[in-house]
Amino acid sequence: MFPLLLPLRLWRYFGNQRLKAVLAILTVLPDPLLMVGIPVLLQLVIDQVIGQASSGPPVAVLLLLPCAWLLVAVACNGLSIKLFAALGSQLGTGFRQRLFGHLLEQANPSDGSAEGSEQGLLALQIPTLENAVVTQLPLFTWTVAQLFIGVLLLFTSDWRLALVAVVLTPLLLVSQVAFTPALARREEARVEQAGLLLSYASERLRSRELVDLFGLRSTTRSEFNRRNRNLMRWAQRVGAMSGLQQAALTASAMLTLVSVFALGTWLVLEQQLTVGQLVSALGIATAMVSGMWQLGASLLPLQTATTALNLLEEQLPTAKRSQAVTRGMEPSPPALLEQLAIEHVQFRYPGGGGLNQLNLTIPANSSLALVGPSGGGKSTVLRLLLRQIEPQQGCLLVDGVPLGNTDRGQWLEQVALVPQETVLFDLSIADNIRLGRLDASDQEVQEAAMAAELGDLIHTLPDGLQTPVGAGGGRLSGGQKQRIAIARAIVRNPRLLLLDEATSALDPNTEEAINTTLRKLSDGRTVVSVLHRLRAAAAMDQIAVIDRGQVVELGHHNDLLAAGGLYASFWHRQMSGFNLELGQRVRITPERLATIPLFHGVDPKLLVWLASEFVSDRIRHGEEVFREGDAPDAFYVVVAGTLEVLQNDLWGGIPIKQGLVEEGDFFGDAGLIDDQPRAVTVRARGDGLLLRLDRDRFLDLLDQDPDYRRFFLHSARASV
């Protein structure tokens with residue numbers, strides 16, 4: 001898109017400010033009119049002084065007229081600055097509102113919306129557009145007006161001179177056509193490189209503590225400098241192409257000036273043109289050339305603003321505004337009184353995964369547990385029920401009515417979500433609870449807090465419910481934050497309660513207490529709960545095992561255990577083989593040890609001894625069990641909690657997630673014999689409980705069982 005067309009493209013964004021835009025353009029015109037009009041006045045003065053003109057206004061009038069017009073131009077110039085500043089701020093305000101609304105619509109990042117750094121780059125384009133309106137648009141108007149007025153006034157001197165200017169001025173467009181596409185490509189590449197640099201800087205600055213702990217400052221600074229130099233090279237390419245474009249523009253301008261001078265001189269010699277007319281023509285042509293040069297200097301800022309507008313229009317299409325306007329006209333959804341049905345739903349993410357012809361019926365006032373392997377589609381079902389995504393095929397029915405044709409906002413009034421990681425704002429406890437329903441009274445907030453069993457906490461705080469929770473709830477424990485999330489759901493009084501691994505980040509004792517509260521909250525409501533920990537699944541009315549986007553098993557806990565399928569394997573892996581005494585002391589059974597590949601072939605009597613050597617370790621959210629490069633010192637079995645496996649990228653930057661280990665999994669066997677450093681970092685995603693076998697005890701096992709030692713050295717395979 002040619003940068004000279006930018007003012008026309010901006011016209012539709014001025015909206016109800018268009019009258020102000022017209023007035024702003026008009027206030028620019030006195031300046032170019034004065035600049036081009038003075039040569040015409042000079043013609044009249046010269047012709048009268050040398051006696052070649054017997055009629056016309058007195059010389060005094062000709063001298064006073066530009067002085068008076070100068071006062072008008074100065075006044076209009078001040079008004080012009082004010083009007084264009086108002087237009088620029090109005091344009092920026094409108095785009096910022098649209099960008100913020102866009103970010104609110106893209107509430108879940110898994111839908112493919114831009115990352116924060118990309119949105120930050122998008123936000124940087126708005127000041128570029130504002131600057132174009134405030135500084136470049138009046139300059140562009142001034143230049144174009146000077147060119148057109150100059151051509152018109154040339155006709156007052158001689159039509160032939162005017163014709164030369166009219167013929168040669170379009171060379172300006174030739175330079176546009178020749179160089180603008182290449183300039184646009186380079187400017188877009190420069191913006192892309194700026195985005196990569198911003199993304200990298202944002203990522204590293206968010207993780208400054210990690211960069212410091214791993215000694216990555218030097219490599220991080222070097223990589224930033226490399227990317228910064230790459231951005232500089234693209235900026236230089238943009239400047240070089242802009243210079244070529246301006247040189248072509250200058251050549252066309254000079255050709256216009258020289259042609260007018262040559263033709264005008266010849267006409268004077270032929271006595272077809274007066275000296276005053278020649279001076280006037282040269283003055284007007286010079287003003288036109290000056291305008292062309294000024295326009296050339298504006299091409300790069302206009303191209304930058306054009307690229308900014310292209311990016312904003314691409315990410316913030318106008319269609320979304322019309323959708324937002326019409327969304328409120330959709331019919332109200334029915335109340336969930338009979339059942340919630342998912343029929344033949346197909347939904348695929350761009351990167352793979354999703355739902356594949358999913359069918360599921362949930363009776364009203366019943367409870368459903370969604371379990372299955374990671375990535376199977378459980379969380380996608382919750383997103384479907386929250387209408388964060390819409391089925392690509394199939395439909396979601398509430399009491400037999402397709403939900404997709406109804407108002408989403410009114411549907412969400414019936415729904416409450418208790419997430420895995422509670423989001424708290426830096427407000428009081430009461431205000432965080434009231435986010436569930438903004439019009440909730442103080443009494444309703446108090447009752448919700450009591451129902452969520454926050455009473456003991458509130459009574460210990462001097463300000464009670466009015467106590468600030470701190471940024472992100474930093475003053476509270478994980479269990480306390482989760483109870484606030486529950487209270488938020490209670491005050492909403494939902495018909496449909498969604499639980500997204502609501503206790504997976506908690507230790508076993510807190511988990512059991514929270515589960516008890518959730519069971520009370522579930523009475524008289526439809527409950528859908530995504531579970532990794534299966535302790536709560538046994539109390540659900542039905543359990544759906546979802547794998548690869550389909551329901552592969554459906555039934556009650558006892559029926560699924562008896563069937564011996566995928567659910568039964570999950571259950572036995574998590575719940576079997578541990579002896580728990582009052583939830584504090586945990587022991588692994590020899591029978592469970594025998595199922596772990598690392599201990600295949602160990603003498604059963606030695607397994608009894610080995611089981612007694614395991615020690616229980618409690619871990620907190622964010623705590624590292626071990627770090628990449630550490631010496632191997634233990635083997636671990638996960639009793640409760642979820643941990644993530646991380647590995648540094650090739651050049652030593654931010655660790656990359658390699659996988660998860662969950663309840664019933666084991667890790668840490670790598671290097672038990674060879675004493676090799678840990679190849680990964682294992683970090684807790686929430687509070688949990690591990691059983692640890694020290695490396696010395698494992699080496700004792702090898703000494704006591706030579707047959708197993710030979711077997712292990714020959715066939716054992718390390719996993720983490």
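This section describes a sheet, a helix and a surface patch in a predicted model.

An open sheet of four strands is found in the order β13-β20-β15-β18, and its pairing is antiparallel. The edges of this sheet are formed by β13 (615-619) and β18 (666-667). Each of these two strands has a single partner, so one side of each is left without a neighbour in the sheet. Strands of a sheet pair through backbone hydrogen bonds, in either a parallel or an antiparallel manner. For β13, the pairing is with strand β20 (residues 688-694), to which β13 is joined by five bridges, the two strands running antiparallel. Within this pairing, Ile619 has Gly688 of β20 as its bridge partner.

Helix α23 spans residues 695-704, and its buried residues are Arg695, Phe698, Leu701 and Leu702. These residues cover an arc of only 110 degrees around the axis, which puts them on the same side of α23.

A nonpolar patch is present on the surface, formed by Trp11, Val22, Leu23, Leu26, Leu29 and Leu79. Together, these residues have about 480 Å² of accessible area. Helix α2 (residues 18-28) contributes the largest share of the nonpolar patch, with three residues. Val22 lies in helix α2 and has a relative accessible area of 37%, making Val22 partly exposed.

Notes. Residues numbered from 1 in each chain as written. Predicted model: local features only at pLDDT ≥ 70, side-chain atom pairs only at ≥ 80, totals over all residues. Heavy atoms only, no water. Buried < 20%, exposed > 50% of the residue type's maximum accessible area, 1.4 Å probe, protein only. Arc of directions from axis to C-beta. Patch = residues over 30% accessible without salt bridge, like charges linked within 9 Å, V, L, I, M, F, W, Y side chains within 5 Å. Areas by Shrake-Rupley, 256 points an atom, 1.4 Å probe, with all protein chains shown as cover. Salt bridge = Lys/Arg side-chain N within 4 Å of Asp/Glu carboxyl O. Pairing = 2+ DSSP bridges.
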